[in-house]
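Open the model in your viewer and keep the selection panel at hand. We will go from stop to stop.

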4 protein chains.
Amino acid sequence: MRVAVLGARGKVGTTMCDAVRAADDLTLSAEVDAGDALSLLTGSDTEVVIDFTHPDVVMDNLKFLIDNGIHAVVGTTGFTDERLDTVRSWLADHPESAVLIAPNFAIGAVLSMHFAQKAAPYFESVEVIELHHPHKADAPSGTATRTARLIAEARKGLPPNPDATSTGLDGARGADVDGVPVHSIRLTGLVAHQEVLFGTLGETLTIRHDSLDRTSFVPGVLLAVRQIANRPGLTIGIEPLLDL
Amino acid sequence: MRVAVLGARGKVGTTMCDAVRAADDLTLSAEVDAGDALSLLTGSDTEVVIDFTHPDVVMDNLKFLIDNGIHAVVGTTGFTDERLDTVRSWLADHPESAVLIAPNFAIGAVLSMHFAQKAAPYFESVEVIELHHPHKADAPSGTATRTARLIAEARKGLPPNPDATSTGLDGARGADVDGVPVHSIRLTGLVAHQEVLFGTLGETLTIRHDSLDRTSFVPGVLLAVRQIANRPGLTIGIEPLLDL
Amino acid sequence: MRVAVLGARGKVGTTMCDAVRAADDLTLSAEVDAGDALSLLTGSDTEVVIDFTHPDVVMDNLKFLIDNGIHAVVGTTGFTDERLDTVRSWLADHPESAVLIAPNFAIGAVLSMHFAQKAAPYFESVEVIELHHPHKADAPSGTATRTARLIAEARKGLPPNPDATSTGLDGARGADVDGVPVHSIRLTGLVAHQEVLFGTLGETLTIRHDSLDRTSFVPGVLLAVRQIANRPGLTIGIEPLLDL
Amino acid sequence: MRVAVLGARGKVGTTMCDAVRAADDLTLSAEVDAGDALSLLTGSDTEVVIDFTHPDVVMDNLKFLIDNGIHAVVGTTGFTDERLDTVRSWLADHPESAVLIAPNFAIGAVLSMHFAQKAAPYFESVEVIELHHPHKADAPSGTATRTARLIAEARKGLPPNPDATSTGLDGARGADVDGVPVHSIRLTGLVAHQEVLFGTLGETLTIRHDSLDRTSFVPGVLLAVRQIANRPGLTIGIEPLLDL
């Protein structure tokens, strides 16, 4: 399969070029970045493009790719509902084209969110702990907030977490995200980690995800590249590619 | 719902009697143990029986229950394929009766095995660590062996765990169960714990189950009691009751 | 060594009687509870008494024991500075008597607090996570608060934890105990657990203590019983008995 | 303090140059590598040298440094007892010079080994789990073997780990290092991690060290640089610099 990278000279793009080169079943057909003509893609018989560029240019990229029947695996951010609708309308005119847009390609992160949702209805208690390096600006992390919301939705109608806390210090019991306590740890030396803890009578279940390195998106992008030809139209996230 | 316990004076049976009494939607209709007549069950309008008895008597119990249209949730051990076939043939004559037989009612254990299977194809590496009190006779535990086998099956056709170990001590890399390394820890103070570790480029996923107390079977038994009327015929394990 | 238990019919006392009986080098000389005469202790040639009674009676017990040259290992609570001074004054008159009073006999808990203090000056970041059953009234736990204070003291003069959090939810970053963030998890199925996380450039150190069972005080009490004869006067806590 | 780096263009050396530059209280006085004259060190009024070079040249470096009254913090490997004796004899002639040679500068690793030794006599059971990337050639790791040996020594005279294992698979119970079971996990995505698990009645203590990044040696080297002037003669390891 002939695969090109858009945003090839960025940090993520460079890593993706290396990963495509290293894969036996893939050929790196073009490396394209700002200033290069998109015609490099058609000229190189590219079948799939990996796009890690910028919200300012990604829509133009997608228009070109869809028009030319090149499939796109997109990690660029900034997709509003309106943008997604535009992509869908372009794809309606080119039913052979396929686009996959994912906010997170780390398979472990996606699986741990999925498992947390599935487990949620069967436990009395659930809490989320997320642990990151101390340079992070938001607490809780976006992933932890999303995880807590998915869990809360899966527990709709069930009693809240039992909690007899009557005296204590502000903040000890964490932030409340739709009824799920979320705790944020910031520690030099850490990268990005998350634990979902479930408890019921006599047993607990813990689902932990550790991102130890910025390359954790690679296997998810390659999975999408290999499957996208079989998924015409728009796919959101890599979860639909997994057999869950 | 009127629920009776067979084996009511055993350790597990006593716990189950307490649990039924404590549940708002269930009534404890009878407590039956060795020496008591099974007619106590029919006489008390019992709808569901929880059976934690003994391999020697469980088949007679099931015959009686199926014949009398009483559903059975069974934690008693010793069910061979032959025994299961016999139960199925009895149920064929009483299509309104339902029997659920499970080797493990701990929801956390069942979920962690299920999640491990689902995650298995998406990671390069997987290992299992099980940790128990030091009075345990077998290593690895039965649950760890079963978990490793399910993982191995889910990875059929994929490359083996990468492992560059060239020098070392016997046993360091654990026991090999169908290609999955399994490590057994025995420590005073522990109860029953298991960790499945998955790894791929830059990230790991850990699924950990802790059984801290012998009551961990209770929520799974109650789940089965509440759903069994909707599942005529024979059900094996509680996994089919979970929305996974 | 002849050892008696005061408060012998309470939950803890019963466990201690069993533990003394099970120890090859100890003899259970008397089991004394409310209503029994303290002369049972002198009459039975008791050398060491284990006192798990009540703040209302423990001072009378200690007076009797000190006067009679019987050593005391005390887990009863309620010792104010004033009470400790009184015990010291009684011991001044009986320099051969020994009393050890400890708020916590769990060796693992004591060690983990000690190690946390020792490690504290060498890491940029430190946070405490404590995890308990949901029936607990206070958050953070007393042990977590004490641990955080000891850590804060050991880091006096060092820069605070780095933390770039600028947006977030109330409580996400935990409770602030003298500059150390403390997070309290409440989960059905848990008993009593605590993790101290330290981080510096490229590495983290985690000290975790799990209390899985109410018997965790036993080894510490037996350690104190065996060593008390060598420690005349008043000893506070079991830390001085450990070779640290 | 004026600090130079020997081996300044190697991977570790480059990191150390950056670290010295970033430290407010240190000045990078010289960057020296193969081909450069050692007189760059004396010419730049260097007070302390950090040596991450090669066993072939480190002895010549040390001779020069000791002769010139420059203190040395050495991470280069290959120090036999004979070499250490030679260094000691050189220092005997220059009592004002100080040399610190350490096999491991990661403070977390050193602390966790120290704590494991201290805790060892107080628990019935102890096991070591080490977890590394799958490119590692040896299992168990050198650190795990050393940790297990130190633990075994600290438990000399105590009963062995209780273990009722009577049936099982080869390797399940790990490698035996002086009576301490050691388990080696190899997982894509991991870096270098180690857990020491202690257990006694009703409680466990876990000391975990995670090396997430190759920079973990930096804080230990800087600690040694800042203290070495107060420690004339030869110091082995950074443990003596820590207040433990």
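The tour below covers a predicted model, starting with a sheet and ending with a single serine.

**Stop 1: the sheet of chain C.** Select the strands in the order E2-E1-E3-E4-E5-E13 (chain C). These six strands form an open sheet with parallel pairing. Strands E2 (27-32) and E13 (233-236) stand at the edges. Each has a single partner strand, so one side of each is left without a neighbour in the sheet. From one strand to the next, the twist averages 15°.

**Stop 2: one strand pair.** Zoom in on E4 (residues 71-74) and E5 (residues 98-101) of chain C. They run parallel and are joined by three bridges. Pick Val73(C): its bridge partner in E5(C) is Leu100(C).

**Stop 3: helices across the sheet.** Helix H3 lies across E1, E3, E4 and E5 of chain C, at about 155° to E4(C). Helix H4 lies across E5 and E13 of chain C, at about 150° to E13(C).

**Stop 4: a helix pair.** Select H5 (residues 107-119) and H6 (residues 142-154) of chain C. Their axes are 8 Å apart, at an angle of about 25°. That makes H5(C) roughly parallel to H6(C). The crossing is right-handed. Show side chains: Met113(C), Ala116(C) and Gln117(C) in H5(C) meet residues of H6(C), including Leu150(C) and Ile151(C). The contact residues divide into five nonpolar, three polar and one charged.

**Stop 5: Ser141(A).** Switch to chain A. Ser141(A) lies in the loop between strand E7 (138-139) and helix H6 (142-154). Is Ser141(A) buried or exposed? Ser141(A) is buried, at 2% relative accessible area. Among the residues it touches are Glu130(A), His132(A) and Arg186(A).

Key
Residues are numbered from 1 along each chain as its sequence is written. Chains are lettered from A and ligands numbered from 1 in the order in which they are written. This is a predicted model: local features need pLDDT of at least 70, side-chain atom pairs count only at pLDDT 80 or more; totals for chains, interfaces and linings use all residues. Side-chain values use heavy atoms; hydrogens and water are left out. Helices (H or I, at least four residues) and strands (E, at least two) are DSSP runs, numbered from the N terminus. Buried means under 20% relative accessible area, exposed over 50%, partly exposed in between (1.4 Å probe, protein chains only). Contact means heavy atoms within 4.5 Å. Axes are lines fitted to C-alpha atoms, for helices over the stretch in contact, and angles run from 0 to 180 degrees between N-to-C directions. Angles under 35 degrees count as roughly parallel, over 145 as roughly antiparallel, 65 to 115 as roughly perpendicular and the rest as oblique. A crossing is left-handed if the near helix is turned anticlockwise from the far one by less than a right angle, and right-handed if clockwise. Ala, Val, Leu, Ile, Met, Phe, Trp, Tyr, Cys and Pro count as nonpolar, Asp, Glu, Lys and Arg as charged, and the others, Gly among them, as polar. Two strands pair if DSSP finds at least two bridges between them. Lists of a residue's contacts leave out its neighbours within four places in sequence.
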